[in-house]
Amino acid sequence: MQKSTVCVVGLGYIGLPTAALLASNGFNVVGVDLNAHAVETINQGRIHIVEPDLDAFVRSAVAAGRLKAYAKPEAADIYMICVPTPFHEGEGIPQPNVDYVLSATRSIAEFVKPGDLVILESTSPVGTTQQMADMLAQAGVDVAKIHVAYCPERVLPGKIMTELVENDRVVGGLTSEATQAVSGFYRTFVRGAVLETDAKTAEMCKLTENSFRDVNIAFANELSLICAKEGINVWNLIQLANRHPRVNILQPGAGVGGHCIAVDPWFIVARDPENARLIRTAREVNNHKTVWAIEQIKIAVADASARTGRKPKVACLGLAFKPDIDDLRESPAVHIAEALFSQGYDVVAVEPNIESHERFPLVTLEVALKTADVLAVLVKHRSFLDAAAKMALGERGALDFCGVLTD
Ligand SMILES: NC(=O)c1ccc[n+]([C@@H]2O[C@H](COP(=O)([O-])OP(=O)(O)OC[C@H]3O[C@@H](n4cnc5c(N)ncnc54)[C@H](O)[C@@H]3O)[C@@H](O)[C@H]2O)c1
């Protein structure tokens, strides 16, 4: 049987793996991206992002003629929107920026015909799926005859090709027919459960998942400040508390980063600031933890300066937003290193997952241990957990913001 054609708009960390997986399931896939380099690379059967196993999927999909990338949408039966949803920077509560979603929706409008599915996968504020439908209606699409739904993505970078298939999915249509039609499509390639709801609940579900983690981490970060004053090791404390059968506290760190957990809770707060008080406070607690870490490092530098009589060198251990990845987006560790650097501190960084950095000299852990006066462990990378590294860091009195020395 001839399978439908799917048009995937946005070929980044979410869109490209989805497009390649659909192609491997027999769909004809039209991939669309504004980034000419991405389009060209994909059409050569190669990838422009780092993700295990993705290259093999893309290579075979392109070779089989099932995946082709374009700069603009083409006619299809199913449209999936996987574009970024950042927030607008500025004073006050950060406001979600759905401009990419709306612009992608505008770009498909001329092709959408009765019976088609239009799916939003980007993490979005409540009401965005309806906004998309309104925009399609304005562009002349008979929205009563199409199926519009939201289906959030929950994959973990580094495991995307597995999780796209194995994870449970939540599908929320603007109508119950849309929910059913879109769920039916996901069931053709997802092995996890496909759970049906309405669009607003599905939108809120994704934001809830990330806000839950942010609030839990904020609790851990708040405990870490209280424990620092009391002289209690917070990692030992949490380990003990988590032995209670109904307690599960996440780990404190130098803050919360990345483009999901540090961003998505604001989508709830921006829409309902009056009620989203805990969620907002959690964001503020996690951001404050980064400011506190900077202050702790400055105190250690002042001590070292008084001791040695010269300008101390600070080594920031880790720059990524979480352990063992090369992604520096919204990273508290980068924020800390940049804050120190811009205030005239002598900063070097140890980041084993990248080759170079535009701002800071990168050195090895061995060099940092030999040359730095203050060592600040900001990310729990595997290489810092090595027994010899831990011993050396302990002996040098490293400031441990992520529990490396306790692990
Ligand atoms: N990356 C993740 O781990 C992850 C996990 C869950 C959810 N999400 C969400 O998925 C969405 C996409 O994230 P991502 O990480 O894939 O982003 P990304 O930046 O890696 O990729 C998005 C792509 O969309 C393209 N694009 C932007 N506007 C376009 C348009 N109008 N037409 C065509 N292409 C366009 C960009 O050029 C880019 O290549 C976001 O809402 C994000 O929050 C991401």
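The questions and answers below go through the helix contacts, the domains and the ligand shell of this predicted model.

Q: Which residues make the contact of α8 with α11, and how do they divide by class?
A: On the side of α8 the contact is made by Ser211, Asp214, Val215, Ile217, Ala218, Asn221, Glu222 and Leu225, while α11 brings Leu278, Ile279, Ala282, Arg283, Val285, Asn286, Lys289 and Trp292. Taken together, the residues of this contact are nine nonpolar, three polar and four charged.

Q: What makes α11 and α12 oblique to each other?
A: The axes of α11 and helix α12 (residues 332–342) cross at roughly 45° and come within 10 Å. Because an angle has to be under 35 degrees to count as roughly parallel and from 65 to 115 to count as roughly perpendicular, α11 and α12 are described as oblique. The crossing of α11 and α12 is right-handed.

Q: Which residues of α11 and α12 meet, and how many of them are charged?
A: From α11 come Thr290, Ala293, Ile294 and Ile297, and these meet Pro332, His335, Ile336, Ala339 and Leu340 of α12. By class, the contact of α11 with α12 has seven nonpolar and two polar residues, with no charged residues.

Q: Why are α8 and α10 called roughly perpendicular to each other?
A: The axes of α8 and helix α10 (residues 264–271) come within 7 Å and cross at roughly 105°. Since angles of 65 to 115 degrees count as roughly perpendicular, the pair α8 and α10 therefore receives that description. In this contact, Leu207, Asn210, Ser211 and Asp214 of α8 meet Asp264, Pro265, Phe267 and Ile268 of α10, and the residues divide into four nonpolar, two polar and two charged.

Q: How many residues does each domain give to the contact between domain 1 and domain 2?
A: The domain assignment gives domain 1 as 5–207 and domain 2 as 253–400, and their centres, taken over C-alpha atoms, are separated by 34 Å. The contact takes 13 residues from domain 1 and 13 residues from domain 2. On the side of domain 1 that touches domain 2 there are ten nonpolar and three polar residues, and no charged residues.

Q: Which helix gives the most to the shell around the ligand, and what classes of residue does the shell hold?
A: Helix α4 (residues 99–108) gives the most, with four residues. The shell has 15 nonpolar, ten polar and two charged residues. Of the 27 residues around the ligand, those that come nearest are Gly10, Gly12, Tyr13, Ile14 and Ser122.

Note on methods: Residues are numbered from 1 along each chain as its sequence is written. This is a predicted model: local features need pLDDT of at least 70, side-chain atom pairs count only at pLDDT 80 or more; totals for chains, interfaces and linings use all residues. A residue is near a molecule or strand if its C-beta atom, placed from the backbone, lies within 6 Å of it. Helices (H or I, at least four residues) and strands (E, at least two) are DSSP runs, numbered from the N terminus. Ala, Val, Leu, Ile, Met, Phe, Trp, Tyr, Cys and Pro count as nonpolar, Asp, Glu, Lys and Arg as charged, and the others, Gly among them, as polar. Domain bounds come from an automatic or database domain assignment. Two residues are in contact if their C-beta atoms, placed from the backbone, lie within 7 Å. Axes are lines fitted to C-alpha atoms, for helices over the stretch in contact, and angles run from 0 to 180 degrees between N-to-C directions. Angles under 35 degrees count as roughly parallel, over 145 as roughly antiparallel, 65 to 115 as roughly perpendicular and the rest as oblique. A crossing is left-handed if the near helix is turned anticlockwise from the far one by less than a right angle, and right-handed if clockwise.
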